[in-house]
Amino acid sequence: MALSGCGLVSTTGMLGAGDRFPARNIEMSVGFSAGGSTDVLGRALADSAAEVLGRAIPVINRPGANGSLAADQLTRAPADGHFIGVVNASTVMITPFAVPENEAVQLEDLDLLMGTTRDDYILVTTPDSPYSNVEDLVSSGKRITYGTTGFGSGAQFAASLLFASAGIDGADIPFGGDSPAITAILGNQVDVASVQFSAAHEYVTSGKLKAVAVFSEQRNPQLPDAATAMEQGAEVVVSQYRLVCLPKGAPADNRRILTEAFTEAARSDRFLTQCEQMVVLPDFYPEEEVRTMIAEARDNYRRMLTEYGIDMRGQG
C-alpha cells in the first residue's frame, strides 16, 4: 500500500493474523535535520528500542514547519505499528497557533506511546551586551530584536510572551533552528536570542554567551546561577518535550509491545548517557500524563496569546 504524497510506503500491508509483531524493521521519522538535538535523542532512543525488539529502527529525517511536516506525514502512514515518530511537544502544543488550521497537527491526530526528556528554553545574549536580565530589557527604552528558532516554535512563543507581558518593545526575527539563531546572536545580528537550553549551554558555560532568563519553573540544575524569568517577575514557563507517537488506530497489542520497548529504551544507560551529554533532562511521562499536560498547557497558552494580543502568524 502506498501513500501518495507523504513519502511513506508499506510494502507488506497490515499484519496478518499469524504474523508476529514487529514483522519487519520499524521506521522512525524525525521532523528536524540530522545532527540536531531531537534527531540525536531520537536515534539514541531508536537504537536502544531496537535491541529490545530485535528489529532495526532506521531514522528518517523530514524537516520542515517546526516538525509539522513529519507529524502530518505520520498521521497518514499505515497504522500497523511499523511507522513511528519522535514529535516535539511544541509541534502539537504551540505550532497550531502559528499556522492555518488545515495545516496544524493536533495530538489527538496521533496515537501516543510516551513522552521523554525535558529541554528548557533560554534567552541569551553576548557577554558585552547591556542586557543581563529582564529588568534591563524593560528599562532599555529601545526596540530590542530577538532571534528565535522559527515560526511556531517554543522558543518564539517564550520570547514573544516575555516581551508582550513585560511591555518590552521588541521585534521577532525567526531563524531556521537553534544553530542559525545562535550564529546570529554571536554575530550581533540580533540583540538577544531565544533557543533551546541544550543548544546554548556550552556557549554560556564557555563565556561566549550569557543567560538573560531561563523559561522554566525552577532553575535548571545545569546552569544553577541562571535566573528564571519567573524569578524576575515574568510568569513565562515554556519547555520542550519529545513524544513517541504513531499513526492513530494501531492494534492494541502492537502498541503495548512498542510502549514496553520504548519505556525500557528511555530508561537505558545508553539513552540516559546521551541525555547527560546533551544537557537534556531525561524525564519520563506516561501517555495519559502527557495528554493532560499538553491539553492544560495548550489552553493556558491560548489564554495568554489572547490576553497579550500575540499573533504568532506574524500578521498583527
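Two rings of Phe, Tyr or Trp form a pair if their centres lie within 6.5 Å. By this rule, the count in the present structure, which is a predicted model, comes to three aromatic pairs.

**First stop: Tyr146 and Phe163**

Select Tyr146 and Phe163 and display their side chains. The ring centres are 4.3 Å apart and the planes meet at 35°. Planes under 30 degrees apart would count as stacked and those over 60 as edge-to-face, so this pair is classed as tilted. Now colour the secondary structure around the two rings. Tyr146 belongs to strand β5 (residues 144–148), whereas Phe163 belongs to helix α5 (residues 154–166). The pair therefore ties together parts that are 17 residues apart in sequence. Both Tyr146 and Phe163 are buried.

**Second stop: Tyr241 and Tyr285**

Next, select Tyr241 and Tyr285. These residues form an edge-to-face aromatic pair, with 5.3 Å from centre to centre and 90° between the planes. Tyr241 is found in strand β9 (residues 239–247) and Tyr285 in strand β10 (residues 281–286). The pair links distant parts of the chain, 44 residues apart. Tyr241 and Tyr285 are both buried.

Return to Tyr146 and select Ala171, with which Tyr146 is in contact. Ala171 is located in strand β6 (residues 170–174). Is Ala171 buried or exposed? Its relative accessible area is 15%; the cut-off for a buried residue is under 20%, so Ala171 counts as buried. To view its surroundings, display Arg143, Ile144, Thr145 and Tyr146, which are the contacts of Ala171 once neighbours within four places in sequence are left aside. For a distance across the model, select Glu135 as well: the C-alpha atoms of Ala171 and Glu135 are separated by 18 Å, and the two residues are 36 residues apart along the chain.

Finally, select residues 178–186, which form helix α6, and residues 197–205, which form helix α7. How do the two axes cross? The axes come within 10 Å of each other and cross at roughly 30°. Because angles under 35 degrees count as roughly parallel, α6 is roughly parallel to α7. The crossing is right-handed.

Display the side chains at this contact. Asp178, Ile182 and Leu186 in α6 meet Ala199, Ala200 and Tyr203 in α7. By class, the contact comprises five nonpolar residues, one charged residue and no polar residues.

Definitions and conventions: Residues are numbered from 1 along each chain as its sequence is written. This is a predicted model: local features need pLDDT of at least 70, side-chain atom pairs count only at pLDDT 80 or more; totals for chains, interfaces and linings use all residues. Side-chain values use heavy atoms; hydrogens and water are left out. Axes are lines fitted to C-alpha atoms, for helices over the stretch in contact, and angles run from 0 to 180 degrees between N-to-C directions. Helices (H or I, at least four residues) and strands (E, at least two) are DSSP runs, numbered from the N terminus. Angles under 35 degrees count as roughly parallel, over 145 as roughly antiparallel, 65 to 115 as roughly perpendicular and the rest as oblique. A crossing is left-handed if the near helix is turned anticlockwise from the far one by less than a right angle, and right-handed if clockwise. Contact means heavy atoms within 4.5 Å. Ala, Val, Leu, Ile, Met, Phe, Trp, Tyr, Cys and Pro count as nonpolar, Asp, Glu, Lys and Arg as charged, and the others, Gly among them, as polar. Rings of Phe, Tyr and Trp (its six-membered ring) pair if their centres lie within 6.5 Å; planes under 30 degrees apart count as stacked, over 60 as edge-to-face and the rest as tilted. Buried means under 20% relative accessible area, exposed over 50%, partly exposed in between (1.4 Å probe, protein chains only).
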